[in-house]
Amino acid sequence: MKGSLNARVQMFTAMFIFGTIGIFVRHIPLASSMLACARGFIGTAFLLLVMALGRKKVSRDEVQKNWKVLLFSGAGIGANWILLFEAYRYTTVATATLCYYLAPIFIIIASPFVLKERLTLRKTLCVAAALAGMVLVSGVVQGGLPGANEVRGILFGLSAAVLYAAVVLANRFLHDISAYTKTVAQLFIAAAVTVPYILLTEELAAVSLTVGQWLLVAFLGVVHTGVAYTMYFSALGRLEVHTAAIFSYIDPVVAVILSALLLREPMGLWGGVGAVLILGSALVSELPEKET
């Protein structure tokens, strides 16, 4: 019982940390690609340190057996971070996060084609409810079409969700690989694939951050990536899958609340209804269904 309680505390803490990412990104004036790169490399270094302290090693054999899927999923994570960070810059943290949490819905839509899973009535209703919620969150009902920046932010958030869904589906094809080896490999690849893009598109000499802003970058890499992932995977092995899925929705709830309290980005009544539809449908879609 004590171990289960500790696992729940760790999972709650990890999800709470993930929910604060948007607040930090808003205060770091760094290109999204560079931020994703820094997050990946710092997070990788931290996880390797944790593994070394626990006398664990990255398995070269496990990486070699799964290198194609790891390369695809790692690159997807890197691009996913960039798109999500861009979404934070163009729309509210709450809207960007809710767009991102449409990923389970995209997984449902793709599963019949990729995993040959049956699309049940409940899952179909969840898709419809989530899409209705997205319409409400976009602001169309409240005041007509959203502005150009808002549309751009929504599209970035939805694109990040599509990529995250692709990563989740790709991970279904990983075999005989430990959670830590998988995560270290994917984080390293996520950071590495951004390097050529940064060299081609960014002027590194023009980067100018204050000491406080560099500390925020370090915090994003160490706490939001290294610490949060360590706690997440430590708890994941001691919790039932559906319990972990329920805990994952602490992340968007925290993001929505902090968006309103700290950034003064209230959603309004219809936006709140949309948030409930999106998160509720995503959560219900992950609950087990009775066998018929």
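1. **Ground rules.** Because this is a predicted model, local features need pLDDT of at least 70 and side-chain atom pairs count only at pLDDT 80 or more, while totals for chains, interfaces and linings use all residues. Residues are numbered from 1 along each chain as its sequence is written, and side-chain values use heavy atoms, with hydrogens and water left out.

2. **Helices α11 and α12.** Let us start with helix packing. Helix α11 covers residues 179–192 and helix α12 residues 194–201; they pack at an angle of about 15 degrees, with axes 5 Å apart. That makes α11 roughly parallel to α12. On the terms: helices (H or I, at least four residues) and strands (E, at least two) are DSSP runs, numbered from the N terminus. Axes are lines fitted to C-alpha atoms, for helices over the stretch in contact, and angles run from 0 to 180 degrees between N-to-C directions. Angles under 35 degrees count as roughly parallel, over 145 as roughly antiparallel, 65 to 115 as roughly perpendicular and the rest as oblique.

3. **Who meets whom there.** On the α11 side you will find A190, A191 and A192, which meet T194, V195 and P196 of α12; contact means heavy atoms within 4.5 Å. By class, the residues of this contact are five nonpolar, one polar and no charged. Here Ala, Val, Leu, Ile, Met, Phe, Trp, Tyr, Cys and Pro count as nonpolar, Asp, Glu, Lys and Arg as charged, and the others, Gly among them, as polar.

4. **Helices α5 and α6.** The axes of helix α5 (residues 67–90) and helix α6 (residues 93–100) come within 8 Å and cross at roughly 145 degrees. From α5, the contact takes N80, L84, A87 and Y88; from α6, V93, A96, T97 and Y100.

5. **F41 with F188.** Now to the rings. The whole structure holds 12 aromatic pairs, where rings of Phe, Tyr and Trp (its six-membered ring) pair if their centres lie within 6.5 Å, and planes under 30 degrees apart count as stacked, over 60 as edge-to-face and the rest as tilted. F41 and F188 have ring centres 5.9 Å apart and planes at 65 degrees, so this pair is edge-to-face. The pair links distant parts of the chain, as F41 in helix α3 (residues 32–53) and F188 in helix α11 are 147 residues apart. F41 is partly exposed at 33% relative accessible area, and F188 is partly exposed at 44%; buried means under 20%, exposed over 50%, and partly exposed in between (1.4 Å probe, protein chains only).

6. Y232 and F233 are another edge-to-face pair, 5.1 Å centre to centre with 75 degrees between the planes. Y232 is partly exposed at 24% relative accessibility, whereas F233 is buried at 14%.

7. **A charge over a ring.** Do have a look at R39, which lies over the face of W81 at 4.4 Å from the ring centre. The criterion is that NZ of Lys or CZ of Arg is within 6 Å of the ring centre and within 35 degrees of the ring normal.

8. **Positive phi.** Most residues other than glycine have a negative phi. R55, in the loop between α3 and α4 (60–65), has a positive phi of about 55 degrees, and R55 is exposed at 81% relative accessibility. D176, in the loop between α10 (148–171) and α11, has a positive phi near 55 degrees, and D176 is exposed at 65%.

9. N66 sits in the loop between α4 and α5 and is buried, with a relative accessible area of 5%. Not counting residues up to four places away in sequence, N66 touches F173, L174, H175, D176 and I177. A170, in helix α10, is buried at 9%. Leaving aside neighbours within four places in sequence, A170 is in contact with V69, F72 and S73.
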